[in-house]
Amino acid sequence: MPAVPDVILNNGVKIPQLGFGTFQIEPARTRETTLAALEAGYRHIDTAEMYGNEKEVGQAVRDSGLDRADVFVTSKLNNYAHAYDDALQAFDGTMEALDLEYLDLFLIHWPLPGKGDFTEPWKAMEEIYRSGRAKAVGVSNFQPPHVRRLLESGVVVPAVNQIEVHPYLTQDAVRSFGAEHGIATEAWSPIARGKVLGDPVIARIAERVGKSTAQVTLRWHLQRGDIVFPKSVTRKRIVENFDLFDFELTEADIGEISALNRDERTGPDPDRFNG
Ligand code: NDP
């Protein structure tokens, strides 16, 4: 099995750079699909209270027979729970659903900038981090001004910012802002839910290196240094998306794929989305 590189977060915690996403996997299919990913070699699973499948993700991790320390699990604070006490309670709910002793990474799912103050749930995240029940805490969908507010008001620097990134939305400004402040970028919807897979530029590179367009796109993320966790319920694709370590893209390939950027989102705009 190929070794997936680790990214070392700003508090020393190691996260496998390639993981498995579980958004839109129905609860009834989540245990079986997550087990298939763990069998294929993935050691990092991304879930959220909002996905409604934390219980089944936890079941798969426990049933896999792997040591807890060998699987990295991320979950996220739901949008209804931004008040301090609600955030602590939501975290308890997440841990109960997962039925794991600790969580590797807990994130504020969305900043909801028009709906109150995201520095309040961040205080709860800091409390959760200090308790040791989450080994690292971070944010998701935060724009640089949102992160700046946290840096000014908080004590703990977010370990990651999980944002939408793919060849049609390269997010250079948010990624470099994160890098300047020691915040790792996690790229959600790394293949834009399939939208980039027919792109002729990616297809030409894929043909040359003898890989699929999904593999080339995921390799582009890895070589840019981001953390990714493609989602699939299809066993063949689960295996395909993990098979990224026997080829390399050239600097010119990376440049050509990055030049496909057209600032096109598949999901909501974090400056406007308020839950
Ligand atoms: P992805 O970019 O991972 O795309 C998933 C889609 O692509 C599915 O429809 C899947 O189909 C298909 N697919 C996967 N692999 C292949 C392949 N090799 N060839 C062809 N089609 C393929 O989108 P997601 O939105 O799921 O993003 C990944 C993860 O990021 C999520 O699962 C979640 O964990 C996280 N996320 C976080 C968000 C946030 O706000 N923080 C928002 C959205 C996602 P099928 O399953 O049918 O095989």
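How exposed is Arg130, in terms of relative accessible area? Arg130 is exposed, with a relative accessible area of 53%; the classes are buried (under 20%), exposed (over 50%) and partly exposed in between, for a 1.4 Å probe and protein chains only.

## Basis of the model

The model is predicted: local features need pLDDT of at least 70 and side-chain atom pairs count only at pLDDT 80 or more, whereas totals for chains, interfaces and linings use all residues. Residues are numbered from 1 along each chain as its sequence is written, and side-chain values use heavy atoms, with hydrogens and water left out.

## Salt bridges

A salt bridge is defined as a side-chain nitrogen of Lys or Arg within 4 Å of a carboxyl oxygen of Asp or Glu. By this rule there are 17 salt bridges. Arg235 pairs with Glu39, their closest N and O atoms being 3.5 Å apart. Because Arg235 lies in helix 9 and Glu39 in helix 1 (residues 27–40), this pair ties together parts that are 196 residues apart in sequence. Arg235 and Glu39 are both exposed. Helices are DSSP runs (H or I, at least four residues), numbered from the N terminus.

Arg130 forms a salt bridge with Glu127 (3.7 Å, N to O). Both residues belong to helix 4 (residues 119–131) and lie 3 residues apart, about one turn of the helix. Glu127 is partly exposed, at a relative accessible area of 33%.

Asp246 counts as exposed at 55% relative accessibility, while Lys211 is buried at 15%.

## The largest pocket

The largest pocket has a volume of about 700 Å³. Among its 34 lining residues, Phe23, Gln24, Ser189, Arg193 and Lys231 are the closest to its centre. A pocket is an open set of points on a 1 Å grid over the protein atoms alone, where a 1.4 Å probe fits, with protein on both sides within 12 Å along at least five of seven lines; lining residues have an atom within 4 Å of a point. Points are joined across faces, edges and corners, and the volume is the space filled by probe spheres set on them.

Helix 8 (213–224) and helix 9 (235–240) each contribute at least two residues to this lining. The lining comprises 13 nonpolar, 16 polar and 5 charged residues. Here Ala, Val, Leu, Ile, Met, Phe, Trp, Tyr, Cys and Pro count as nonpolar, Asp, Glu, Lys and Arg as charged, and the others, Gly among them, as polar.
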